[in-house]
Amino acid sequence: ATPQMVKYAEDAGKFMANNKLTNSKIRSIYGEIKRIQMGEFEKEKSSFYLLKPKVAYALGRDDSNEGLRLFKLIFDKYSADVVDQKTFHNFCNFIEAILAYHKAYGGRD
């Protein structure tokens, strides 16, 4: 992680908290990320790739939600870089940082 990534995570988390993203909107997605993280990425690869349509579906159900729209943009951009355990681990850390800032800036359940 770089200082720029941490700042980006903070800005993104703050925007999401201020723009209608609730934990319940992404709980199932985050839960699945954590479940995959407990196992081996190679064995869980297909589950990871299926998260992208889940994120799209969540936004489709609430397409005026700007916080969720940003989450989807970030998810799509950074999940494309995931190819192995190491890159998946980096992706998880980044998403967790965003969600930590989301909570810190008053993101609701």
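Tutor: For residue classes, Ala, Val, Leu, Ile, Met, Phe, Trp, Tyr, Cys and Pro count as nonpolar, Asp, Glu, Lys and Arg as charged, and the others, Gly among them, as polar. By these classes the lining of the largest pocket divides into nine nonpolar, three polar and one charged residues. This is a predicted model, in which local features need pLDDT of at least 70 and side-chain atom pairs count only at pLDDT 80 or more, while totals for chains, interfaces and linings use all residues. Residues are numbered from 1 along each chain as its sequence is written, and side-chain values use heavy atoms, with hydrogens and water left out.

Student: How much space lies in the largest pocket, and which residues are the closest to its centre?

Tutor: A pocket is an open set of points, on a 1 Å grid over the protein atoms alone, where a 1.4 Å probe fits, with protein on both sides within 12 Å along at least five of seven lines, and its lining residues have an atom within 4 Å of a point. The largest pocket holds about 250 Å³, and of its 13 lining residues the closest to the centre are Met5, Asn90, Phe91, Asn93 and Phe94. Helix α6 gives the most to this lining, with six residues.

Student: Which residues line the second largest pocket?

Tutor: Its lining consists of Ser24, Lys25, Ser28, Ile29, Lys54, Tyr57, Ala58 and Arg61, of which three are nonpolar, two polar and three charged. The volume of the second largest pocket is about 150 Å³.

Student: At what angle do α3 and α4 cross?

Tutor: The axes of α3 (residues 41-49) and α4 (residues 51-61), lines fitted to C-alpha atoms over the stretch in contact, come within 4 Å and cross at roughly 25°. That makes α3 roughly parallel to α4, a term for angles under 35 degrees. In their contact (heavy atoms within 4.5 Å), Ser47, Phe48 and Tyr49 of α3 meet Leu51, Lys52 and Pro53 of α4.

Student: How many salt bridges are there?

Tutor: A salt bridge is a side-chain nitrogen of Lys or Arg within 4 Å of a carboxyl oxygen of Asp or Glu, and by this rule the count is nine. One of them joins Lys7 to Asp11, with the closest N and O atoms 2.8 Å apart; both residues lie in helix α1, four residues apart, about one turn of the helix.

Notes:
Axes are lines fitted to C-alpha atoms, for helices over the stretch in contact, and angles run from 0 to 180 degrees between N-to-C directions. Helices (H or I, at least four residues) and strands (E, at least two) are DSSP runs, numbered from the N terminus. Angles under 35 degrees count as roughly parallel, over 145 as roughly antiparallel, 65 to 115 as roughly perpendicular and the rest as oblique. Grid points are joined across faces, edges and corners, and a volume is the space filled by probe spheres set on the points.
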